[in-house]
Amino acid sequence: PTMAHSKALLVLENFIGGKFVPCSSYIDSYNPSTGDVYCRVPDSGKEEVEAAVKAAKDAFPIWSSKSPLERSQILNKLADLIEHDLEAFAQAESKDQGKTITFARTVDIPRAVHNFRFFASSILHHVTECTEMPTMGCLHYTSRAPVGVAGLISPWNLPLYLLTWKIAPAIACGNTVVAKPSEMTSVTAWMMCKLLEKAGVPPGVVNVVFGTGAKAGEALVCHPDVPLISFTGSTLTAQRITEKSAPHCKRLSLELGGKNPAIIFDDADLSQCIPTTVRSSFANQGEICLCTSRIFVQRGIYSEFLKRFVEEAKKWKTGNPSDPTINVGALISKEHLEKVRNYVKKAQAEGARVLCGEGVDPLALPPGNQKGYFMLPTVIAEVKDESCCMQEEIFGPVTCVVAFDTEEEVIKRANGVKYGLAATVWSGNVGRVHRVAHKLQSGLVWTNCWLVRDLNLPFGGMKASGIGREGAKDSYEFFTEVKTITIKH
Ligand code: NAD
């Protein structure tokens, strides 16, 4: 399945039991920067999921009995192979998703490589627990074993990055997997499948079925032989998955949406804070669950902040994602672009001020990108806390800036949304930084920085942002079943 000539569509196939298998029907996939259909993705359903789960079940006894070291070596090999093709993967991710080539080259694909290396290493270093009861003559210890077939469902914003963040720990722990990437961004997962055999991943250990959430995703969630579901996506879909999996009492890991605040106190170092907050608002077109979308600025520096923030935002160039000087690429789809634009319209209708971007500044696009789904970085001020723009996840290049007076007030306002994924605090006062960080209802709090991650530590959200955590120890615990064994002498 390769492109016969440049005009031919790229046609993907499912990867089941170590083989590429065609599907009976297909979905069109668009290049977001041109608006053209360029790829066809299998529209899998129950039948394809059934075959993939069977292959994964058959592969489980052998894979789960390999030593962690053997699995680790295979994961490292796979990381090397992806890294060897980094440029091809980055080009494909940019074309399929609309993100800039620079972002794909420096963030998405390097991180996918690192995910495999990270779990190849961390799987070698876990220790189980042991306690003694001398008076009873007993020793207790825990043992951990892989669970079985894991269902992995990932979104379109960081396609290979987030999918490998699930595949790597799942198979490192000895599970076999059936993965379903987003139907809008399936290409890099398919490219990865082409490397599995060479890396030494036995057939059936990693199966990928492509298709929509409603058909392929739901078939996976409802399959009785898939005891684990690791999902990253929207809160709405997570509710549906929870409901559908309930009859089987499945173990769920849910990484969901955010409405992330940045809190900027008047003693913040603005020379650091402003470029970082522009980046945290607009990186990857604002399509990162961790992106900042509510900026609370202490009243004394509000006007100065706003002026400098807008100046900095205007430096971000929007255009052809394959141009390495471009900062903002295309949004994922026409529908999503419309949805994001509508938020700006709603804010305006409510009396908010759009300071730059959508509807205010001209968007000049190269001739080949006129039909692409582009939007300028947009800054909105004077938005009410109750406004949908301050409450709902927009997931685009839009950020709202509002003023606050006191620490107590801003904590309450920052916590006043249904989400609780990530927050950012800017202040030179270390006492205040700790105090505020402790009071924020957020799974992650970055102070005086953004998106600095140690993959060892728990990642995940509170409230409507998720259930469960991912990370070295957390993913190990999720992807293994623990047993307590008591030995009496
Ligand atoms: P989405 O929920 O629409 O889709 C995510 C995945 O779920 C896709 O593969 C989709 O096909 C599948 N799906 C949809 N309906 C399904 C169903 N009924 N059963 C099973 N699977 C189904 O999300 P999206 O639009 O692709 O991604 C954007 C969302 O993801 C945002 O809300 C964003 O915040 C969130 N996200 C969260 C994190 C995190 O780590 N917390 C990271 C990235 C993105």
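1. Arg 111 sits over the face of Trp 165, at 4.9 Å from the ring centre. The model is a predicted one, and the distances here are computed from it.

2. How many aromatic pairs does the structure hold? There are 9. A pair of aromatic rings is described by the distance of the centres and the angle of the planes. Two of these pairs are described in the next points.

3. The ring centres of Trp 156 and Phe 395 are 5.3 Å apart and the planes stand at 70 degrees, so this pair is edge-to-face; the cut-off for that class is over 60 degrees. The pair joins distant parts of the chain, its members being 239 residues apart. Trp 156 belongs to the loop between strand S8 (149-153) and helix H5 (159-172), while Phe 395 belongs to the loop between helix H12 (388-391) and strand S17 (398-404). Trp 156 and Phe 395 are both buried.

4. Phe 265 and Phe 404 make another edge-to-face pair, with 5.4 Å from centre to centre and 90 degrees between the planes.

5. Phe 15, Phe 20 and Trp 190 form one aromatic cluster.

6. Phe 282 is placed in helix H9. Its relative accessible area is 0%, so Phe 282 counts as buried. Which residues does Phe 282 contact, leaving aside its neighbours within four places in sequence? Among them are Ala 313 and Trp 316, then Pro 377, Thr 378 and Val 379, and also Pro 397, Val 398 and Thr 399. Phe 60 is 222 residues from Phe 282 along the chain, and the C-alpha atoms of the two are separated by 42 Å.

7. On annotation, UniProt lists residues 25-485 under "domain: Aldehyde dehydrogenase", in an unreviewed entry. In the model, this span is 41% helix and 21% strand. The C-alpha atoms at the ends of residues 25-485 lie 50 Å apart.

Note on methods: Residues are numbered from 1 along each chain as its sequence is written. This is a predicted model: local features need pLDDT of at least 70, side-chain atom pairs count only at pLDDT 80 or more; totals for chains, interfaces and linings use all residues. Side-chain values use heavy atoms; hydrogens and water are left out. UniProt positions are given in the numbering used here, feature names are shortened, and annotations may be inferred rather than shown by experiment. Helices (H or I, at least four residues) and strands (E, at least two) are DSSP runs, numbered from the N terminus. Rings of Phe, Tyr and Trp (its six-membered ring) pair if their centres lie within 6.5 Å; planes under 30 degrees apart count as stacked, over 60 as edge-to-face and the rest as tilted. Buried means under 20% relative accessible area, exposed over 50%, partly exposed in between (1.4 Å probe, protein chains only). A charge sits over a ring if NZ of Lys or CZ of Arg is within 6 Å of the ring centre and within 35 degrees of the ring normal. Contact means heavy atoms within 4.5 Å.
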